[in-house]
Amino acid sequence: MSSKSSGLLFYIVSRILLIIPMLLILLTLIFIILRVLPGDPVYFIVSPQAGEHIIEQTRHELGLDRPIWEQYVSYLMGVFRGDLGKSYITKDNVWSIIGRHLPITIELATCGLFVAAFLGISFGTFAAYKSKSWFGVFNTILSTIAYTMPVFWFGMILQILFAIQFRVLPATGILDTSLSITRITGLPALDALITGNMRAFVDHVARLILPSITLGFFISGNINRMTHSNVLKALNEDYVRAARARGIKERVILFKYALKNSLIPVITLLGMNFARMLSGSVLTETVFSIPGMGSLLVNSIFRRDYPLVQGIIVVYALLISIVTLIIDIIYAYIDPRIRL
Amino acid sequence: MSKNVIAVVVLIVIVGVVIGIYIYYTQPKPPAVISIGSVRVPTHLDPVKTTGADEFNLEFNIYDYLVEWEPETLNVVPGLATSWETSENGTVWTFYLRQGVKFHDGTSFNASAAKFNIDRYIEKGAFRSGLKYITNVIVVDDYTLKIYLSHPHPLLLRHLSIFIGMVSPTLIEVYGEDYIDTHPAGTGPYKVIEYVEDDRIVLEANKDYWDTPPKNSKIVLKKYADSASLKAAFEAGEIDIIWSARGDLFPTDVEDLRKKGYNIIESESNMIRYIVFNEAQYPFNDTRVRKAIAYAVNRTKIVNVVFSGQASELYTLVAKGIWGHLDTFPHRNLTEAISLLNDAGHNTAQKLEITLYYSSSYYGTAEEYVAQVIKEDLEETGLISVTLQNVEKATFREQYKAGQYGMWLLGWFPPIPDPNSYLYYFMNPIMANAIFSSHYNNTEADSLLSQALSTYNQTLRQELYEQLQQILAEDVPYIPLWQLKQFFITTDKISGIQVSPIAYFYFHTIEKK
């Protein structure tokens, strides 16, 4: 094994090992914060007419009458066994609840990422190329709007225009109420394709368009700005001037020289934003009534469904760790100084 | 060249997809499916766990009960029991059960299945404390059942018709208790074929239903995150009916849809809203102060300004549409309010300072406007200064039960259409304290409540409940404010919606063109 690849392997292993204490600290914090917060989950389960004995009995059934440290130890033991517990409200296994909601958010975040990458990189690059024209000014305004505009407001505008006014796209949900998709992988689009349910596939894809644009447009502001400044910087580098002097076509200079060299930090930013979209798509999910992880987390926090909130946080932490690890590995591979 | 070809192909694919989606969406949807949108869907479908209106409502569509009630008149009618009789002293009830009925899983319904469900409810049911009067359930033969009571109880038939939905015993024995939360099997007009939590529940008509089969084949109950997305989905043609039973749709949204020409059916909902006082706290331990507040609140303003007329003013705790309802609380009278406050020692130099607690995350955004209107009403006396305190849903109930509030806004949605459901929990000293922490204790009222619960004489019961409502207006431990209306908003394609005064929605009568 070469020293380069063994160094990289060591780096990867150490990063994976670091995830364990990070998860432990996070879990402890979430566990404590949830219990310190005012609000008793029992009141979301028992009826308003329930007497004290029913309240106490429910508390006992949920194990909430045990000392906090005992609840903590038993929860941690469960987590190490891969058991995240059961939801207080639906009594369903936390893994299976997350398993139903996470693929929807992954699909939405992936589509949002494509929209963000397409809008951000294309507009940013072109604006850098035409920085002194009206398009440069327009792009600055556009990227600022994308960055600062409230997501829910933009989503509602798209909804009113395309779903209610022109009726060319659906307004809400992930599937028409008359259709259903047999669950195989959990990803609705993929499952519809596997089962050959083209009607459901088209319906589902159409339903992803407006939320993806909403989410992607918001993220594109960042990508646009970074692409713009990096391409602009690259276009003034000596190697670009040298290329121009050699008579290379402007299109080739822009895409092969300037853009290619500017893309690495942009891709990193896209990766980070993907992680952010996984956990931060709640507003988009609310506007478009998409049953993803964001709305699941918000609902479970409001209901003080401790096992579900903790489970979602663990999954988020794992996902974000994996995404950042992949980005770091790519970086480490490209730039050996990081491994030192 | 090759890049140009790729670009053209990509463009053709994109245009093709867009055209495909457009054609797809301009096609009419299969008429057999009726979709109903709401901001809530049930969190489970097991009758023993049910406490909320969303669960009760859906259960009425998938389960049957020994006795049932007509949605419009609320009269008790035969259900899975075709007839029944009572012993002379009123403590033994014999039910004769319907034959040839099967659960959705194929199990036969009989007296053992009925006993299984009643026993299960008495052991685990959410409202089991109210059914302690049932002492024994005996299977006489396959289709005869006897229920023994500790004393005559006028609510037995109501309890059987609402709390104890008949679930297939086989299903519970084979798959366990939690399974029926999402995979119920009753004998009712609909079977649950898909349950996606926090998203949708799909019901299919039970073709073997023993009574008149549903007029539609499939119902989809779809949940939306909030009033805005529910309205957007309806306007985009994605759902056929919006059912707003408890102020789910914001008043201005209802008005907007009315202006746009959609069909709106409105009726009273049995949900009441009121102020609760903690009589153990100063200044609410003084009846004059509570009465002064009752005189100062302006229900007309709340109903017109906040709800655009989509609610009814309420002057007693028993909802309109429920027998025994009698207006007993005074209408607004500022002079009377000021006089009472002066008697209690309050004047402009020494204003009465109070805090009104409310929870907009519990009852919706309109709650903030209601609180503001009440503040203005009370401050109009010139003798009261009100601080408003909005409390998060998760802590609201915990804090008022802990006795931390002196005056707060609350709602009540009893499942049983009987005045007892509106008065007992508020006026029985143990219940009033356990549920509301109101510290209300009136022995005369408690004695009247007990009398009303131990007789089958309807005239006597009516008299007793009217007396109780008079006592409430004298003692003012609570101030009834308004009663919500329910709305069904539909497209022209929908007909046959049956409205019930207690805001339950039976799906089997709905038709779609």
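## Helix H14 of chain B

At the start of H14(B), a side-chain oxygen of Asp418(B) comes to within 2.9 Å of the backbone nitrogen of Asn420(B), in a predicted model for which local features need pLDDT of at least 70, side-chain atom pairs count only at pLDDT 80 or more, totals for chains, interfaces and linings use all residues, and side-chain values use heavy atoms, with hydrogens and water left out. Residues are numbered from 1 along each chain as its sequence is written, while chains are lettered from A and ligands numbered from 1 in the order in which they are written. Helices (H or I, at least four residues) and strands (E, at least two) are DSSP runs, numbered from the N terminus.

Helix H14 covers residues 419-427 of chain B, and 8 of its 9 residues are buried, so it is largely enclosed by the rest of the structure; buried means under 20% relative accessible area, exposed over 50%, and partly exposed in between, with a 1.4 Å probe and protein chains only. The buried residues of H14(B) include Pro419(B), Tyr422(B), Leu423(B) and Phe426(B). Together, the buried residues of this helix pack against strands S12 (263-277), S16 (407-412) and S17 (478-490) of chain B, and against helices H15 (429-436), H16 (443-452) and H17 (458-475) of chain B, where contact means heavy atoms within 4.5 Å.

## Lys485 in strand S17

Strand S17 of chain B contains Lys485(B), which is buried, with a relative accessible area of 16%. The side chain of Lys485(B) makes a polar contact with the side chain of Glu266(B) at 3.3 Å; a polar contact is a pair of N or O atoms within 3.5 Å, and within protein one must be able to donate a hydrogen and the other to accept it, residues adjacent in sequence counting only if both atoms are side-chain atoms.

Leaving aside neighbours within four places in sequence, Lys485(B) also has contacts that include Ser244(B), Ser267(B), Glu268(B), Gly309(B) and Ser312(B). The C-alpha atoms of Lys485(B) and Ile172(B), which are 313 residues apart along the chain, are separated by 38 Å.

## Sheets and hairpins of chain B

In chain B, 4 strands form an open sheet in the order S4-S5-S7-S6, and the pairing is antiparallel; two strands pair if DSSP finds at least two bridges between them. Strands S4 (81-86) and S6 (134-141) of chain B stand at the edges, each with a single partner strand, so one side of each is left without a neighbour in the sheet. From one strand to the next, the twist averages 20°. Helix H3 (residues 111-124) of chain B packs on the sheet, touching S5, S6 and strand S7 (144-149) of chain B, and the direction of this helix makes about 170° with that of S6(B); axes are lines fitted to C-alpha atoms, for helices over the stretch in contact, and angles run from 0 to 180 degrees between N-to-C directions. S4(B) pairs with strand S5 (residues 92-97) of chain B in the antiparallel sense over 5 bridges, and within this sheet Ser83(B) stands opposite Tyr96(B) in S5(B).

Elsewhere in chain B, strand S9 (residues 200-205) is mostly covered, with 5 of its 6 residues buried. Strand S8 (residues 190-196) of chain B pairs with S9(B) in the antiparallel sense over 6 bridges, and Lys191(B) stands opposite Glu204(B) in S9(B). The hairpin of S8(B) and S9(B) has 3 residues between the strands, and in it Asp198(B) takes a positive phi near 60°. S9(B) is also joined by 5 bridges to strand S10 (residues 218-223) of chain B, the two running antiparallel, and Val202(B) stands opposite Val220(B) in S10(B).

## Nonpolar cores

Of the 155 residues in the largest nonpolar core, Leu66(B) and Ile293(B) touch the most other members; a nonpolar core is a set of buried Ala, Val, Leu, Ile, Met, Phe, Trp, Tyr and Cys residues joined through side-chain atoms within 4.5 Å. Not counting residues up to four places away in sequence, Ile293(B) touches Phe277(B), Phe284(B), Ile354(B), Leu378(B), Ile384(B), Met407(B) and Ile479(B). A second, separate core of 75 residues includes Leu64(A), Leu215(A), Val240(A) and Leu319(A).

## Chain A

Chain A has 14 helices and 0 strands, and 50% of its 340 residues count as buried. The mean pLDDT of chain A is 86, with 95% of its residues reaching 70 or more; pLDDT is the predictor's confidence in each residue, from 0 to 100. Ser295(A) lies in helix H13 (residues 293-302) of chain A and touches Val282(A), Glu285(A) and Ile290(A), not counting residues up to four places away in sequence.
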